[in-house]
Amino acid sequence: SDGSETLHCDASNRFDLDGSTYQLEGLKGQWYKFAFVCVPALNDMGSAMFVGETKEYSEEHDFNKLMVDYQPVLDYQALEPTAANNNDLSVYREIIDRWVDATNPTSEDVALTRVTGQLILDMGKPADQFENPVSSITLTVATPSRFYIRDQVIVDDNTSEKEFTINVSDPKTRQILRVSLLPGELTDAKVTVNYGETSEEFVLQNENKELIQIKKNTRTTVLFNGMHPDEFEVRYAGFDDGNDAVIDVSGGDKDEWNGVN
């Protein structure tokens with residue numbers, strides 16, 4: 001409490017769980033902080049997505065400096081622009097504090113909540129929005145790529161600029177791009193509409209010229225309005241099913257770890 005000691009969590013105290021239950025034994029009698037984090041199932045990343053504040057692969061032992069590196073998920077979405085349509089790319093987390101000792105064993109049911117958000121860019125039907133045939137649409141954003149594991153959702157100051165492109169095969173079909181992101185303001189955000197050899201850029205902002213916000217456990221829907229360039233209609237709403245914001249590992253037939261539904 002006086003800051004003289006750090007909250008210690010070295011690599012030997014990090015466990016990848018592949019089931020709905022886990023048991024720890026031989027703990028000393030004291031207060032413990034348990035962090036439960038669920039990350040997307042990309043290349044079996046698991047706790048490899050935990051990094052230190054200043055190190056690429058964490059040898060960091062100070063719990064308050066441990067972070068989740070979301071960069072692999074951003075890279076994956078840049079390569080597969082429709083990835084967020086059929087995969088749950090969210091990160092879920094819960095932090096609890098408990099006293100544990102040999103004479104006072106404890107059993108805990110833990111529910112994790114979503115800490116990431118989602119951007120839905122709705123460009124409408126290109127044939128209705130633009131005079132020239134559209135070949136592709138590119139979203140460019142500068143977004144946080146890491147966040148601290150500790151209790152509050154605190155993102156790193158460093159941002160990663162990423163491009164997400166959808167190819168337009170049918171100009172009469174609504175073009176919607178979904179991207180899972182960490183909470184924060186989208187800086188230097190723009191939409192580039194490609195007409196083959198030429199292109200047109202639109203600043204991604206709301207009707208008040210304000211930056212778009214990504215909020216935890218919230219879908220940010222941005223609607224392109226071709227009548228007013230550089231002005232998008234922005235809507236903030238929860239996910240379709242309020243229950244899908246929670247991963248309940250307490251057991252039962254209704255537990256769904258994939259979160260897609």
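**Core, helix and rings**

Modeller: In this predicted model, the largest nonpolar core holds 47 residues, of which L121, M123, L139, L186, V191, L204 and F232 touch the most other members. Apart from this core lies another of eight residues, including Y32, F34, C38 and Y92.

Biologist: Which residues does L121 touch, not counting residues up to four places away in sequence?

Modeller: L121 is among the residues of the largest core that touch the most other members. With residues up to four places away left out, the contacts of L121 are L139, Q175, I176, L177, V191, L204, V222 and F232.

Biologist: Within what arc do the buried residues of α1 fall, seen down its axis?

Modeller: Helix α1 spans residues 71–79, and its buried residues are Q71, V73, L74 and Q77. They line one face of the helix, because the arc within which they fall, seen down the axis of α1, is 160°.

Biologist: What covers the buried residues of α1?

Modeller: The buried residues in question are Q71, V73, L74 and Q77. The cover includes β3, α2, β7, β9 and β10.

Biologist: How many residues apart are F130 and F224?

Modeller: The whole structure contains seven aromatic pairs. One of them, F130 with F224, is stacked, at 5.3 Å centre to centre and 20° between the planes. F130 lies in the loop between α3 and β7, whereas F224 belongs to strand β15, a separation of 94 residues.

Biologist: Which residues do ring pairs link into a cluster with F130?

Modeller: F130 and F224 are both buried. Ring pairs join F130 into a cluster with Y195, F202 and F224.

Definitions and conventions:
Residues are numbered from 1 along each chain as its sequence is written. This is a predicted model: local features need pLDDT of at least 70, side-chain atom pairs count only at pLDDT 80 or more; totals for chains, interfaces and linings use all residues. Side-chain values use heavy atoms; hydrogens and water are left out. Rings of Phe, Tyr and Trp (its six-membered ring) pair if their centres lie within 6.5 Å; planes under 30 degrees apart count as stacked, over 60 as edge-to-face and the rest as tilted. Helices (H or I, at least four residues) and strands (E, at least two) are DSSP runs, numbered from the N terminus. Buried means under 20% relative accessible area, exposed over 50%, partly exposed in between (1.4 Å probe, protein chains only). The arc is that of the directions from the helix axis to the C-beta atoms. Contact means heavy atoms within 4.5 Å. A nonpolar core is a set of buried Ala, Val, Leu, Ile, Met, Phe, Trp, Tyr and Cys residues joined through side-chain atoms within 4.5 Å.
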